[in-house]
Amino acid sequence: MAQKILVETWGDFGKVENLQEIMPVEMQMAYDLRDKGIMDHLMVKDGLKGAYILYNLTDKKEVETLLKKFPLYPYFERIEMTLVEQSF
């Protein structure tokens, strides 16, 4: 079974003034990580209150380094990382 890191973020992204400018950059970065096989899934919480991100990595420091590159990172109120095993 493959180990991965599940990231949960919290924040009220609907309050970000320039969200319409930030989101295309944010999504392109996510697509690039997906295309490189680093990120599996990105799911935005209802009401833009955060996200769930599944990385194909097991090093939390590496994931944290990647997260800090995203334009919405400064707006994260809280981040939790959990090492999980993918069952199927």
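Contact here means heavy atoms within 4.5 Å, and on that basis residues 24 or more positions apart account for 70% of the contacts in the protein chain with a separation of 6 or more. The model is a predicted one, and its protein chain holds 2 helices and 4 strands, which follow the pattern β-α-β-β-α-β when read along the sequence. The radius of gyration is 13 Å, close to the 12 Å that the globule rule gives for 88 residues, so the chain is as compact as a globular protein of that length.

**Overall dimensions and surface**

- The C-alpha trace of the protein chain spans about 40 × 25 × 25 Å along its principal axes, and 32% of the 88 residues count as buried.

**The largest nonpolar core**

- In soluble globular proteins, nonpolar side chains tend to be buried together.
- The largest nonpolar core in this model has 19 residues, of which V7, M39, I53, Y55, V63, L67 and L72 touch the most other members.
- At least two residues of this core come from each of β1 (2-10), α1 (19-35), β3 (50-55) and α2 (60-67), and the largest share, 4 residues, is supplied by α1.
- Setting aside residues up to four places away in sequence, V7 touches A51, Y52, I53, Y55, V63, L67, I79, E80 and M81; among these partners, I53, Y55, V63 and L67 are, like V7 itself, listed with the core members that touch the most others.

- L66 lies in helix α2, and because its relative accessibility is 14%, under the 20% limit, L66 counts as buried.
- Apart from residues up to four places away in sequence, L66 touches L33, I38, Y55 and L57, and of these partners Y55 is also one of the core residues that touch the most other members.
- M29 belongs to helix α1 and is partly exposed, with a relative accessible area of 23%.
- Once neighbours within four places in sequence are left aside, M29 is in contact with K69, F70 and P71.
- Although L66 and M29 are 37 residues apart along the chain, their C-alpha atoms are separated by 9.8 Å, whereas the C-alpha atoms of M29 and M43, 14 residues apart along the chain, are separated by 14 Å.

- Q20 is placed in helix α1 and is exposed, with a relative accessible area of 77%.

**Backbone geometry at L48**

- Most residues other than glycine have a negative phi.
- L48 has a positive phi of about 55° although it is not a glycine.
- The position of L48 is in the loop between β2 (39-44) and β3, where L48 is partly exposed with a relative accessible area of 36%.

Notes
Residues are numbered from 1 along each chain as its sequence is written. This is a predicted model: local features need pLDDT of at least 70, side-chain atom pairs count only at pLDDT 80 or more; totals for chains, interfaces and linings use all residues. Side-chain values use heavy atoms; hydrogens and water are left out. A nonpolar core is a set of buried Ala, Val, Leu, Ile, Met, Phe, Trp, Tyr and Cys residues joined through side-chain atoms within 4.5 Å. Buried means under 20% relative accessible area, exposed over 50%, partly exposed in between (1.4 Å probe, protein chains only). The radius of gyration is taken over C-alpha atoms; the globule rule is 2.2 Å times the number of residues to the power 0.38.
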